[in-house]
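Please examine the model shown here with attention to its surface and to the spaces inside it. The paragraphs that follow treat these topics in turn.

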Amino acid sequence: MDSLVDGNHTTVTEFILLGLTQDPVLRVILFIIILCIYLVTIAGNLCTILLIRVSTQLHHPMYFFLSNLAFADMGLSSSVTPNMLVNFLMDKNMISYHGCVIQMCTAFLFGAVECCLLAAMAYDRFVAICNPLVYSSKMSTQVCFQLLIVAFIGGCFNASAFAITFFSLVFCGSNRINHFFCDFAPLREIACSEDSALLLLSTFTAASISVITVIVIAVSYIYILITILKMRSTEGRQKAFSTCTSHLTAVALFYGTVMFIYLMPKSSYSTDQNKVISVFYMVVIPMLNPLIYSLRNNEIKGALKRELWRKVFS
């Protein structure tokens with residue numbers, strides 16, 4: 001059963017996800033590729049969390065946020081990837097009504113948390129480079145936990161706003177979602193009616209989180225750039241900038257794809273392009289983040305070598 005008759009309307013109880021492709025050969029190839037990406041994502045982010053926990057040299061605010069970013073990456077990827085992998089092997093990609101809202105809210109929760117954590121990491125770099133003398137007090141353990149709590153509160157608000165809006169949508173016709181997961185935009189396309197006030201609420205919540213975090217990141221890096229340019233030592237400039245390159249790369253990848261998906265007008269790109277960018281945002285980027293931070297960060301590489309050396313010779 002994918003619908004129930006309610007008076008003169010048919011109420012949808014299940015959705016069909018059209019997925020990335022209907023080609024059976026391509027589905028098998030994509031299954032293998034995305035499964036490998038997902039395994040690397042989980043392994044890489046778990047290793048990042050464990051390395052930061054066991055290595056005392058990494059017990060600093062920046063790595064505290066990095067470990068939580070790794071957790072958010074696993075949550076974001078896990079919200080869609082396991083279901084996508086199962087659907088590659090099924091003839092009909094079904095998801096229940098409540099399963100759909102849970103998937104959507106989990107993705108929006110961890111997406112918003114990641115935005116906030118990237119902003120917190122930018123603020124951390126700002127304090128470290130522009131105000132190093134007060135770094136220990138400005139970025140104390142208490143402050144770090146407060147910023148983490150704010151990040152998850154923001155994620156919960158975002159998920160709750162979209163959940164409330166989802167339950168206000170009336171589905172009385174097609175139940176075929178032209179996507180590989182329950183994204184809000186394709187759900188709106190198949191809804192018969194919607195509450196404009198609640199739609200405004202969810203849009204305002206998501207936009208507020210995006211705009212505030214972008215402003216924090218932009219302002220932080222403007223001050224960082226000014227401070228670096230004022231440094232007389234070339235070595236000092238290179239050292240200061242090197243501590244920011246990994247974070248800047250992660251920010252560029254994350255916000256670049258988010259802006260393409262949610263801010264660009266629909267007329268400028270096709271649904272298939274949207275799906276590909278969504279795969280990059282929700283599946284590929286969570287795999288890339290631990291690689292970016294490990295390959296471009298000397299402290300991470302040094303801690304990893306020390307821990308491996310200790311395990312080998314213990």
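Which residues make a nonpolar surface patch of about 340 Å²? The patch is made by Val25, Leu26, Ile29 and Ile33. Patches consist of residues with over 30% relative accessible area and no salt bridge, where like charges are joined within 9 Å and nonpolar side chains (Val, Leu, Ile, Met, Phe, Trp, Tyr) within 5 Å. Leucine 26 lies in helix α1, residues 24-54; helices are DSSP runs (H or I, at least four residues) numbered from the N terminus. Leucine 26 counts as partly exposed because its relative accessibility is 36%, the class between buried (under 20%) and exposed (over 50%), with a 1.4 Å probe and protein chains only.

The model is predicted: local features need pLDDT of at least 70, side-chain atom pairs count only at pLDDT 80 or more, and totals for chains, interfaces and linings use all residues. Residues are numbered from 1 along each chain as its sequence is written, and side-chain values use heavy atoms, with hydrogens and water left out.

Consider next the spaces. On a 1 Å grid over the protein atoms alone, a cavity is a set of points where a 1.4 Å probe fits but cannot get out, whereas a pocket is an open set with protein on both sides within 12 Å along at least five of seven lines; lining residues have an atom within 4 Å of a point. The second largest pocket holds about 500 Å³ of space. It is lined by 21 residues, of which Met62, Tyr63, Arg125, Thr243 and Glu299 are the closest to its centre. Helices α2 (61-88), α3 (97-130), α8 (234-262) and α10 (298-313) each supply at least two lining residues, and α8 gives the most, with eight.

The structure also holds two cavities of 30 Å³ or more. The largest cavity has a volume of about 60 Å³, and its lining includes Leu17, Arg27, Met84 and Phe180. Helix α2 provides the largest share of this lining, three residues. The lining divides into five nonpolar, four polar and one charged, where Ala, Val, Leu, Ile, Met, Phe, Trp, Tyr, Cys and Pro count as nonpolar, Asp, Glu, Lys and Arg as charged, and the others, Gly among them, as polar.

The second largest cavity contains about 30 Å³ of space. Among the residues that line this cavity are Asn45, Leu66, Asp73 and Tyr293. Two or more lining residues come from each of α1, α2 and α9 (271-295), and the largest share, four residues, comes from α2.

Conventions
Grid points are joined across faces, edges and corners, and a volume is the space filled by probe spheres set on the points. Accessible areas come from the Shrake-Rupley method with a 1.4 Å probe; for residues, only the protein chains shown count as cover. A salt bridge is a side-chain nitrogen of Lys or Arg within 4 Å of a carboxyl oxygen of Asp or Glu.
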